[in-house]
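Subject: A structure for you to explore

Hello,

I am passing a protein structure on to you, and I hope you enjoy looking around it. Please open it beside this email and follow along as you read.

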Amino acid sequence: MIPASKERIHQMENHIFITKNIYKTIEDRSEWNEALVNIAEYCTDSSFGGASLIPLDEDMSEWRFGSNKDPRTEELYYNHWRNKSPLSVYTRKKIENDFLYADDSFLSDEQIDKIPFYMEFLREFGVRRIHHAMFKTENGNRFLLSVQSPDGLTIQSSAIIKQNLTRIIPHVIQAVGTGISFNKSKNFHEIFENSFKEMPFGIALINSENKIVYANNNLIRMESDGIFIKNNTIQVKSSDGNSKFSRLLSGSGDIHNPIKIKTETDKIFFAKIINVSSKMEQTRMVIFSIHRVNSETEAILSNLFLTASQSKIACLIANGNSIKDSSLKMNITEGTARQMVKDIFVRLGVNSQSQLTAFVKNISFIA
């Protein structure tokens, strides 16, 4: 017989081992399969039991995991056994507290031997009794952690399984909730990384506290130009530029037009903030551009608003060129250039070069 002190040390070591396994699932949810193998052994003190993590909301089917490597287990459970279990009535109950525990200890061994659900379950996988802990994450997702005791365990073993299951269920709730948030955040970031990593702009996603959620490489490289990241926030290395950017972040400036920032290296950047729809949190996108008007802008203007030559002269003017300079670069007369600008005013509904410049620069952000 193991002394009580050594037994407590053994239990503590097992508890530390199982919680480490549970929290490994946060960054990689496929770890749940192995974690459930260990949960089943921890709860039943046997290597012949089973455990399953079962989402009770249909849109969370990707969070179904089980300790049994037989691919039939999930199909059989969801298509055949789910509503036949004597405990299925509990899955429709409202979870008032952290979790709701239920098991089938109210059934005698004789009754279990005559219930079709158990007869089929035993025949397929050699398990005996079912122990459920139903819980709800902070985001409202409902789950069931099911532990199946192996054939041969007595009804008295249910009390031990309940004790072990209720001891680890808070860790499971935490890991599942955090894991769901982590995977949403990970997917969210991957979308933006794939979309913006090669764009010719410095781009960052910031949360409601103006902390950076994601920054692309172009923004990180702008440190040498006086725009840098410090304490997980965007800073501008010039008092005037930092003041302007702070006003933009606070929403006190004109959110529809980009602001012009001059850094200590005398480079001119344009910055704009765009609200981004995100299920995770209130998120905004910050865009820094040193190339305000480029070939992509010209292509958009040409495809949607202007002719090819009109688009070219519009971009030249938006980049600070005079009509005379623009005519020389396009190898046309100044008179022709002025007539083209007048035609552009009519097409776009603007009446000044400054309005034309604002229009083109806003198109550049779309580009």
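Below is what I found in it, going from the whole chain to single residues.

**The whole protein**

Please keep in mind that this is a predicted model. The protein has 367 residues, and 45% of them count as buried. Its chain is folded into 13 helices and twelve strands. If you take the contacts with a separation of 6 or more, 56% of them involve residues 24 or more positions apart.

**The sheet**

In general, strands of a sheet pair through backbone hydrogen bonds, either parallel or antiparallel.

How many bridges do β4 and β5 share? There are eight, in the antiparallel sense.

The largest nonpolar core contains 30 residues, and Trp32, Ile39, Phe135 and Val172 have the most contacts inside it. Two or more residues of this core come from each of α1 (4-23), α2 (32-44), β1 (50-55), β4 (127-136), β5 (142-150) and α6 (157-196). Which of these elements gives the most? That is α6, with nine residues.

Setting aside its neighbours within four places in sequence, Ile39 is in contact with Ile18, Ile22, Trp32, Ala51, Val147, Ile168 and Val172. There is also a second, separate core of 20 residues, which includes Leu306, Ile317, Ile344 and Ile363.

**Where two helices cross**

Now move to α10 (residues 308-318) and α12 (residues 334-348). Their axes come within 10 Å and cross at roughly 95°. Angles of 65 to 115 degrees count as roughly perpendicular, and α10 and α12 are therefore roughly perpendicular to each other.

Which residues meet at this crossing? From α10 there are Ser309, Gln310, Ile313, Ala314 and Ile317, and from α12 there are Ala337, Met340, Val341, Asp343, Ile344 and Arg347. Sorted by kind, the residues of this contact are seven nonpolar, two polar and two charged.

**Two residues from that contact**

Gln310 sits in α10. Is Gln310 buried or exposed? The cut-off for buried is under 20% relative accessible area, so Gln310, at 7% relative accessibility, counts as buried. Not counting residues up to four places away in sequence, Gln310 touches Met340, Asp343, Ile344 and Arg347.

Ile344 lies in α12, and at 0% relative accessibility Ile344 counts as buried too. With residues up to four places away in sequence left out, Ile344 touches Leu306, Gln310, Ile313, Ala314 and Leu356. Ile344 and Phe305 are 39 residues apart along the chain, and their C-alpha atoms are separated by 9.0 Å.

Best wishes

Note on methods:
Residues are numbered from 1 along each chain as its sequence is written. This is a predicted model: local features need pLDDT of at least 70, side-chain atom pairs count only at pLDDT 80 or more; totals for chains, interfaces and linings use all residues. Side-chain values use heavy atoms; hydrogens and water are left out. A nonpolar core is a set of buried Ala, Val, Leu, Ile, Met, Phe, Trp, Tyr and Cys residues joined through side-chain atoms within 4.5 Å. Buried means under 20% relative accessible area, exposed over 50%, partly exposed in between (1.4 Å probe, protein chains only). Helices (H or I, at least four residues) and strands (E, at least two) are DSSP runs, numbered from the N terminus. Contact means heavy atoms within 4.5 Å. Axes are lines fitted to C-alpha atoms, for helices over the stretch in contact, and angles run from 0 to 180 degrees between N-to-C directions. Angles under 35 degrees count as roughly parallel, over 145 as roughly antiparallel, 65 to 115 as roughly perpendicular and the rest as oblique. Ala, Val, Leu, Ile, Met, Phe, Trp, Tyr, Cys and Pro count as nonpolar, Asp, Glu, Lys and Arg as charged, and the others, Gly among them, as polar. Two strands pair if DSSP finds at least two bridges between them.
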